[in-house]
Amino acid sequence: MSQLELVQKLIQSARDHGKKIFSLREIAALSGASRSAVAMTLLRAQKKQLVFRVANLWVNQLDPPNLTEIALSLRSPSYLSFESALYRHGILSQSPRGALTLATTKRPGEFDTPLGRIRFIHLKNSLFFGYDENRIAYPEKAWLDLIYIRGRQGREAAFSETFYLENLNQKRLKEWMEKFPDWVGGMALRQRESENL
C-alpha cells in the first residue's frame, strides 16, 4: 500500500465515521495490511508530513482533528479543565498560552504536537467529576481545579489573569467547593474579593 492510499483511507474513515485519530492496530485493520507493513508506510508518510504521531496514536495531517480531540484520545479518563476550559466558557479573558490543559487520574505528562502542546495534570479520584458529555469541565469545576493545582504548587498569588467570576453558577460552585480541601474555598473567596476591588 502506498502512503497516499493509506492517507486516502484515513480521510475516508474520517468522512464515514468521524474518526481522525488511529492506533497502529486500527490502521492495519482498516487497510487490510500487516502491522509491520503499515508501520513502515506510516513512517514514510510521516517524513512527507502526511501524518504525525503523538504517543501511540497516528493523526492524518491532511485532515487533522483539533487539539482537544487529540488530547481526549491520548489519555482516558480525562477532561478539559483549568485555564483551557475557563477560556472556552468565557470566564478567562485571554487565551491560555503554553498548553491545552486536561485533568486525569492517570500520570501527569506533556505531549508536543504540530497543533500545539497538551498537558495532563493529575487529580485524585475523589476530585475527578464536574464535566459534561464532551469531557469539558463545567466552568465552576475548572475554576476549582485551577485553584487546587496552583495552591498545591504554592502559587496563590499567581492569578495575574482576568477572570469573570460573576458568571459562575454560585450554587454549583459552593456545592463542589465542599468536595475540595478547605483552603481551596479560602483561596476562591480571596480571589473573588480581589476581583471586586
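**Exercise 1. Determine which helix gives the most to the lining of the second largest pocket, and describe that lining.**

Solution. Step 1: H7 contributes the most, with four residues. Helices are DSSP runs of H or I with at least four residues, strands are runs of E with at least two, and both are numbered from the N terminus. The model is predicted, so local features need pLDDT of at least 70 and side-chain atom pairs count only at pLDDT 80 or more, while totals for chains, interfaces and linings use all residues. Residues are numbered from 1 along each chain as its sequence is written, and side-chain values use heavy atoms, with hydrogens and water left out.

Step 1: Helix H7 (170-177) and helix H8 (182-195) each provide at least two lining residues. Among the residues of the lining are Trp143, Leu165, Gln170, Met177 and Arg192. A pocket is an open set of points on a 1 Å grid over the protein atoms alone, where a 1.4 Å probe fits, with protein on both sides within 12 Å along at least five of seven lines; a lining residue has an atom within 4 Å of a point.

Step 2: By class, the lining holds seven nonpolar residues, one polar residue and two charged residues. Here Ala, Val, Leu, Ile, Met, Phe, Trp, Tyr, Cys and Pro count as nonpolar, Asp, Glu, Lys and Arg as charged, and the others, Gly among them, as polar.

Step 3: The space in this pocket is about 150 Å³. Such a volume is the space filled by probe spheres set on the grid points, which are joined across faces, edges and corners.

**Exercise 2. Identify the strands that pair with S3, and state whether the faces of S3 are covered or open.**

Solution. Step 1: Strand S1 (residues 21-23) pairs with S3 in the antiparallel sense over three bridges; two strands pair if DSSP finds at least two bridges between them. Ser23 has Leu57 as its bridge partner in S3.

Step 1: Strand S2 (residues 51-54) also runs antiparallel to S3, joined to it by four bridges. Phe52 has Val59 as its bridge partner there.

Step 2: Buried means under 20% relative accessible area, exposed over 50%, and partly exposed in between, with a 1.4 Å probe and protein chains only.

**Exercise 3. Locate Ala55 and Gln49, and compare their phi angles with the general rule.**

Solution. Step 1: Most residues other than glycine have a negative phi, and most peptide bonds are trans.

Step 1: Ala55, in the loop between S2 and S3, has a positive phi of about 55° although it is not a glycine. The hairpin of these strands has two residues between them. Ala55 counts as partly exposed because its relative accessibility is 40%.

Step 2: Gln49 lies in the loop between helix H3 (35-47) and S2, and its phi is positive, near 60°. Gln49 counts as exposed because its relative accessibility is 57%.
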